Amino acid sequence: LYNRINQRTSLMIQEGWLEEVAQLHLQGIDCSKLQAIGYKELSKVINDELSLEDAIEEIQQKTRRYAKRQITWFKNQLPSIEISVDLKDLDKTFQEICTHVQKFLNT
């Protein structure tokens, strides 16, 4: 999960996230007050308060922490089943989901 979070953050930067924040600044939007992860950090980059590399590390760390809180929250809800997604064989993952749904419906 952490590796995917790191890769996704890097991809979002490559696809223009920093430019998006710069455009918001030009429109008068203060991104430093947004609650969404990343906008505050990238706003600091635009204001020369933080390097892009440090901002990326902060975004990745905050996203990993958020994901951990989500996992903890879900574990404390109704009984659940963890299903590992096999990105190389999505049909296998889909079949596993169908099996669990069928078991649930039959109980």
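Visitor: Hi! Which residue lies over the face of tyrosine 2?
Guide: That's arginine 64, at 5.8 Å from the ring centre. Keep in mind that this is a predicted model.

Visitor: Got it. And ring against ring, how many aromatic pairs are there?
Guide: The count comes to two aromatic pairs. One of them joins tryptophan 17 and tyrosine 39, with 5.7 Å centre to centre and 75 degrees between the planes, which makes it edge-to-face.

Visitor: Where do tryptophan 17 and tyrosine 39 sit in the chain?
Guide: Tryptophan 17 belongs to helix H2 (residues 17-26) and tyrosine 39 to helix H3 (residues 39-46). They are 22 residues apart, so to speak a link between distant parts of the chain.

Visitor: Are those two buried or exposed?
Guide: Tryptophan 17 and tyrosine 39 are both buried.

Visitor: And why is the pair of tryptophan 73 and phenylalanine 74 called edge-to-face?
Guide: Because their planes stand at 80 degrees, and the cut-off for edge-to-face is over 60. Their ring centres are 5.0 Å apart.

Visitor: Changing topic: which residues touch the most other members of the largest nonpolar core?
Guide: Ile13, Trp17, Val21, Cys31, Tyr39, Leu42 and Ala55 do, out of 13 residues in that core.

Visitor: Which helices supply at least two residues each?
Guide: H2, H3 and helix H4 (52-75). H2 gives the most, with four residues.

Visitor: What is valine 21 in contact with, leaving aside its neighbours within four places in sequence?
Guide: Cys31, Tyr39, Leu42, Ser43 and Ile46.

Note on methods. Residues numbered from 1 in each chain as written. Predicted model: local features only at pLDDT ≥ 70, side-chain atom pairs only at ≥ 80, totals over all residues. Heavy atoms only, no water. Phe/Tyr/Trp six-rings, centres within 6.5 Å; stacked < 30°, edge-to-face > 60°. Buried < 20%, exposed > 50% of the residue type's maximum accessible area, 1.4 Å probe, protein only. Lys NZ or Arg CZ within 6 Å of the ring centre and 35° of its normal. Core = buried A, V, L, I, M, F, W, Y, C linked by side-chain atoms within 4.5 Å. Contact = heavy atoms within 4.5 Å.
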